[in-house]
Amino acid sequence: MPRNPTTGVFTRVSNSFSDPISGTVIDPNDAAAYYADIDNGLTNAMPKEPTVLTVDGAISAGTPAAVIQKAAPSASAFTLPSVTLQNGIPLTIVDWSTGVTAHTITLTPAGAETIMQAATFTVYSNSAQLGSVTLYPSTTLNGWYV
């Protein structure tokens, strides 16, 4: 499968689903890049430990899971990374706080982006149930959707 050295994009050659022709030479650089792409894709798809947030602030780009862990919180505020920098990775936010009676978590998108067409999004937790949400980034929508 040849790779464009400028764009790094692999393209299927005509009749590539047929058996390979004996003696065909594969460029080692193309093969290495191809397998590196597969390896990166599989590695990125594996579950990862969440990022634990103990103070309000910004969530780093590329974070797949953020866990808010505070003692007896009442209000928290976090800024989401840009959807472009999130690179298509969904973001799950979970309240894992202790001593919660009523915890309001306000999420604010970057710049002019929105969350479900709103300027902010709120997750609520109480003593009976801790809140969570999974947000999906969309460059087409210039924001996040649930």
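Where is E113 found? I located E113 in the loop between strand 6 and strand 7, the latter being residues 114-115. A caution for my own page: this is a predicted model.

**Entry 1**

I then looked for a polar partner and found S82: the two side chains, E113 and S82, are joined by a polar contact of 3.3 Å. Setting aside neighbours within four places in sequence, I listed the contacts of E113 as P81, S82, V83, T84, N142, G143 and W144.

**Entry 2: the overall layout**

I stepped back to the whole chain. I counted two helices and 10 strands. Going along the sequence, I wrote the order down as α-β-β-β-β-α-β-β-β-β-β-β. The chain has 146 residues, and 27% of them count as buried. Its accessible surface is about 9,400 Å², with 57% of that belonging to carbon and sulfur atoms. I also looked at contacts with a separation of 6 or more: 57% of them are between residues 24 or more positions apart.

**Entry 3: the nonpolar core**

Which residues have the most contacts inside the largest nonpolar core? I noted I59, L80, I93, L107 and L135, in a core of 16 residues. At least two core residues come from each of strand 3 (65-68), strand 5 (91-95), strand 6 (102-108) and strand 9 (132-138). Not counting residues up to four places away in sequence, I93 touches I59, A66, I68, L80, L107, G131, S132, V133 and L135. A reminder to myself: in soluble globular proteins, nonpolar side chains tend to be buried together.

**Entry 4: the salt bridge**

How many salt bridges does a search of the whole structure find? I got one. In a salt bridge, the side chains of K70 and D56 meet at 2.3 Å, N to O. K70 is in the loop between strand 3 and strand 4 (75-79), while D56 is in the loop between strand 1 (51-53) and strand 2 (57-58), so the pair ties together parts that are 14 residues apart in sequence. I checked the cover on both partners: K70 counts as buried at 15% relative accessibility, whereas D56 counts as partly exposed at 39%.

**Entry 5: two positive phi values**

Most residues other than glycine have a negative phi, so I flagged the exceptions I came across. M116 is not a glycine, yet it has a positive phi of about 50°. I placed M116 in the loop between strand 7 and strand 8 (121-126), and M116 is partly exposed with a relative accessible area of 48%. N142 is also a residue other than glycine, with a positive phi near 55°. The loop between strand 9 and strand 10 holds N142, which is partly exposed at 37%. N142 was already on my page as a contact of E113.

**Entry 6: a patch on the surface**

Which residues form a nonpolar patch on the surface? I wrote down M116, Y136, L141, Y145 and V146, with about 480 Å² of accessible area together. One of them, Y145, lies in strand 10, residues 143-145. Y145 is partly exposed, with a relative accessible area of 36%.

How values were computed:
Residues numbered from 1 in each chain as written. Predicted model: local features only at pLDDT ≥ 70, side-chain atom pairs only at ≥ 80, totals over all residues. Heavy atoms only, no water. Patch = residues over 30% accessible without salt bridge, like charges linked within 9 Å, V, L, I, M, F, W, Y side chains within 5 Å. Areas by Shrake-Rupley, 256 points an atom, 1.4 Å probe, with all protein chains shown as cover. Salt bridge = Lys/Arg side-chain N within 4 Å of Asp/Glu carboxyl O. Helix = DSSP H or I, 4+ residues; strand = E, 2+ residues; numbered from the N terminus. Buried < 20%, exposed > 50% of the residue type's maximum accessible area, 1.4 Å probe, protein only. Core = buried A, V, L, I, M, F, W, Y, C linked by side-chain atoms within 4.5 Å. Contact = heavy atoms within 4.5 Å. Polar contact = N/O pair within 3.5 Å; in protein donor to acceptor, adjacent residues only side chain to side chain.
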